[in-house]
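Dear colleague,

I am handing over the structure below, and after it I set out what was found. Please read the notes with the coordinates open beside them.

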Amino acid sequence: MFSRILKPGLATQSHLATATLKRYITYDITSDTATQPTDAMFDVMKEATKADDVFGIDETTNQLERQVAQLLGHEAGLFCASGTMTNQLGLRVSLHQPPHSVLVDSRSHVNLYECGGLAYHSQASVTAVEPTGSHLSVSDIQRHAIRDELCGAVTSVVAVENTLNGTIMPLPQLEAVREHTLTQGYKLHMDGARLWDASAASGIPLATYGRLCDTVSICLSKGLGAPIGSILVSDAPTIRRARHLRKLMGGGWRQSGGLARAAMYCLDNVLPGFGDTHRRTQRLWKGLEALGMGALLPVETNMIFVDTRGKVSLRAWAAYLKEHAGVVMDDSDDRIARLVLHYQIPDHVVDRILDLTQVFVQKHGTAPADDQAPDIKSAYPSAKPQ
Ligand SMILES: Cc1ncc(COP(=O)(O)O)c(C=O)c1O
């Protein structure tokens with residue numbers, strides 16, 4: 001069930017001692033995209049219908065789209081290969097005629113990690129705003145929105161991300177942003193790749209968040225654990241248009257039912273456990289804090305931006321955890337790292353990390369003080385920002 005990376009051929013050599021095999025079991029906490037599909041998922045994939053989704057006639061896919069749309073308080077959904085595609089489609093459907101622009105949080109995935117897709121797909125320029133608080137607010141939008149219809153690329157869409165770096169956008173703030181976008185005539189898109197986490201941690205239903213936005217993208221292949229996919233939700237005409245544009249992007253797929261069925265399995269079997277993942281994340285964080293480490297952001301869901309400055313060398317600590325517990329964490333920066341938990345990181349792994357860290361800090365703390373404040377971007381796995 002857990003992230004097993006076995007050397008080719010090892011699994012079939014029954015004479016190998018368990019101790020030997022254990023060296024090849026890894027627990028990847030670089031991202032919640034690291035979850036691996038389970039045998040149970042492959043089993044249920046056989047139950048799926050096998051019709052064509054370009055034409056929208058595959059019943060399992062349609063069922064998944066209806067289910068997620070309903071959960072998010074919307075009329076219709078579109079199953080796509082990735083969160084990048086559902087974000088880009090969600091924005092594209094609201095961007096009709098350049099010149100136009102999208103106002104985003106400067107730290108957002110849409111701004112940093114989608115290959116400049118807004119320029120490519122929508123001919124839109126991007127207003128990247130560093131919020132004054134934890135998330136974009138009405139005053140941030142008022143200050144930076146482009147209204148100049150003669151020389152500006154007027155703001156057409158505002159995009160928020162929830163969760164963003166594991167932190168939850170407060171509902172009253174989202175409500176205020178919604179109110180403002182309605183009065184100003186902006187569309188509101190939410191990158192809700194991890195909206196599951198926001199909802200599980202806050203107790204606020206997904207639909208309460210979802211109904212406040214014109215379009216929402218939500219990922220199936222992050223904490224939810226599905227092998228592939230993301231869903232865009234909106235009203236039916238908008239989703240019809242998104243389906244057309246998905247084909248244009250080369251994202252029209254044929255027999256998608258098996259993948260949809262695996263995602264439905266995850267909705268039934270993984271989603272109810274999000275609270276446990278958040279409790280484990282808190283336990284890990286409290287343990288690390290007790291050992292003298294810091295965090296760059298509040299720990300609200302499944303992410304810890306751990307700061308080891310003045311305590312240990314992060315790279316040496318990561319190497320120690322890898323060697324002794326098979327824990328894989330990002331070590332692209334020697335001071336901070338983003339640790340991400342998911343349902344395939346069980347309690348005993350958290351215990352092991354904390355026990356080993358205690359030993360490591362006793363042996364190798366304290367690292368030389370480093371006064372330079374790290375940029376949070378350096379806490380992302382550099383080769384694969386997720
Ligand atoms: C917040 C956020 N949005 C969107 C995406 C894009 O998802 P995908 O990797 O499926 O394209 C990611 C990917 O990690 C993400 O973290």
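In this predicted model, the side chains of S256 and T61 are joined by a polar contact of 2.8 Å. S256 sits in the loop between helix 11 and helix 12, and with a relative accessibility of 2% it counts as buried, because the cut-off for that class is under 20%. Leaving aside residues up to four places away in sequence, S256 touches A51, D53, D58, T61 and F79.

In the pair of F79 and W253, the ring centres lie 4.8 Å apart and the planes meet at 50 degrees, so the pair is classed as tilted. This pair links distant parts of the chain, since F79 belongs to strand 2 (residues 76-80) while W253 lies in the loop between helix 11 (236-248) and helix 12 (257-269), 174 residues apart. Both F79 and W253 are buried.

The other pair is formed by Y320 and F360, whose ring centres are 5.0 Å apart with the planes at 45 degrees, so this pair is tilted as well. Y320 is found in helix 14 (residues 314-325) and F360 in helix 15 (residues 347-364), and the pair therefore ties together parts that are 40 residues apart in sequence. Y320 is buried, with a relative accessible area of 13%, and F360 likewise counts as buried, at 4% relative accessibility.

How values were computed
Residues are numbered from 1 along each chain as its sequence is written. This is a predicted model: local features need pLDDT of at least 70, side-chain atom pairs count only at pLDDT 80 or more; totals for chains, interfaces and linings use all residues. Side-chain values use heavy atoms; hydrogens and water are left out. Rings of Phe, Tyr and Trp (its six-membered ring) pair if their centres lie within 6.5 Å; planes under 30 degrees apart count as stacked, over 60 as edge-to-face and the rest as tilted. Helices (H or I, at least four residues) and strands (E, at least two) are DSSP runs, numbered from the N terminus. Buried means under 20% relative accessible area, exposed over 50%, partly exposed in between (1.4 Å probe, protein chains only). A polar contact is a pair of N or O atoms within 3.5 Å; within protein, one must be able to donate a hydrogen and the other to accept it, and residues adjacent in sequence count only if both atoms are side-chain atoms. Contact means heavy atoms within 4.5 Å.
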